[in-house]
Amino acid sequence: MEKRELGKTGLKVSAVGFGASPLGHVFGDVPLSVAIAAVRRALDLGINFFDTSPYYGGTVSETVLGQCFKAIGVPRDQIIVSTKCGRYREGFDFSAERVTRSIDESLARLGLDYVDILHCHDIEFVTLDQIVNETIPALQKIKEQGKARFIGITGLPLSIYTYVLDRVPPGSIDVILSYCHFGINDSTLVDLIPYLKSKGVGVISASPLAMGLLTDGGPPAWHPASDELKSACKLAAEHCRKKGKQITKIAMQYSLLNKDISTVLVGMNSPTQVEENVAAALELSSSGIDKVLLNELENILGPVKNQTWPSGIQQS
């Protein structure tokens, strides 16, 4: 598994990252034995980056991931772990008091002394000035205490990153985690990469399957995409099926093409899913992407290219 430098952190993360939200039973029940087997398989195949949040499954994801690490007995220096703060089952709270308490709760659930990255989770749902003036300074103190090595911010609208990074002291944010903006249907994250590089910020991308849009089964009923975007993605999936191909595989491979994106987080809940994602990455490294199929899919998705959906509050 290819490892990539994450910004200026010095961390070398696997190109495919293990998204642990499914371990919180977000998409259905996952027995602990299966979760442990999935994490063990990921480690065996060279995945070293694991991402979770207290929001996923209302703390269950963090707890289960911690149980997996303990059961496997994985040496701490062989894993890179990120969690988040500010978004919880009961709502959003980015106050200094809450995020300071949050990291201690997360470490207890994970069974760790520190996390490698602590993200502010989905910051577009609060006034961004609070993130700048209250949350990031609180996270700096957490960093100084050794409970988190690096600090990140996450959210859907790309405009949140420039807003915050332009207003915090240089070097106070180490990474960003963007989702649904580097896939076959939406590659707008690319336009932001030169800016992020100029700020010395590492880039993590998540949801290469666009939260289910680029799958055979299609997105969940609650998916916020327009009917037009859902229909186009359904056509793309059907086109792949007719050609005996899997849209999930080529979507995964596309998301790995840009080396400026250090790691691509994919939700995984079984050894089989882990193996499929790693196999797609290894095939990409050895023989490249199916350019003919990619071109056909880009033509199908052309009318909805880079279409996104609203998320968060209207920032003044």
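Predicted model: local features only at pLDDT ≥ 70, side-chain atom pairs only at ≥ 80, totals over all residues.

1. The buried set consists of Leu229, Ala232, Cys233, Ala236, Ala237 and Cys240. Viewed down the axis of α7, these buried residues fall within an arc of 140°, so they line one face of the helix. On the other side of α7, the exposed residues are Asp227, Lys234, Leu235 and Lys242.

2. The length of α7 may be checked against its residue count. Helix α7 covers residues 227–242, and at 1.5 Å a residue its 16 residues should span 22 Å; the C-alpha atoms at its ends are 22 Å apart, so the two values agree. Just after this helix, Gly244 adopts a positive phi of about 70°.

3. Cys180 has a phi near 65° and is placed in the loop between β10 (175–179) and α6. With a relative accessible area of 6%, Cys180 is buried, because the cut-off for that class is under 20%. Ser207, for its part, has a positive phi of about 60° and is located in the loop between β11 and α7.

4. The second largest pocket deserves a separate point. Its volume is about 150 Å³. Of the 13 residues that line this pocket, Gly7, Lys197, Val201, Gly202 and Asp260 are the closest to its centre. Two elements, α6 (189–198) and β11 (202–206), each give two or more residues to the lining. The largest share, three residues, is supplied by α6.

5. Where is Arg89 found, and which residues does Arg89 contact, leaving aside its neighbours within four places in sequence? Arg89 is in the loop between β6 (87–88) and β7 (91–92). Beyond those neighbours, Arg89 is in contact with Tyr55, Gly57 and Gly58. The C-alpha atoms of Arg89 and Gly58 are separated by 5.2 Å, although the two residues lie 31 residues apart along the chain. Arg89 has a relative accessible area of 63% and is therefore exposed, the cut-off being over 50%.

Technical notes. Residues numbered from 1 in each chain as written. Heavy atoms only, no water. 1 Å grid on protein atoms, 1.4 Å probe; cavity = no way out; pocket = protein on both sides within 12 Å on 5 of 7 lines; lining within 4 Å. Points joined across faces, edges and corners; volume = space filled by probe spheres on them. Expected span 1.5 Å × (residues − 1). Buried < 20%, exposed > 50% of the residue type's maximum accessible area, 1.4 Å probe, protein only. Arc of directions from axis to C-beta. Contact = heavy atoms within 4.5 Å.
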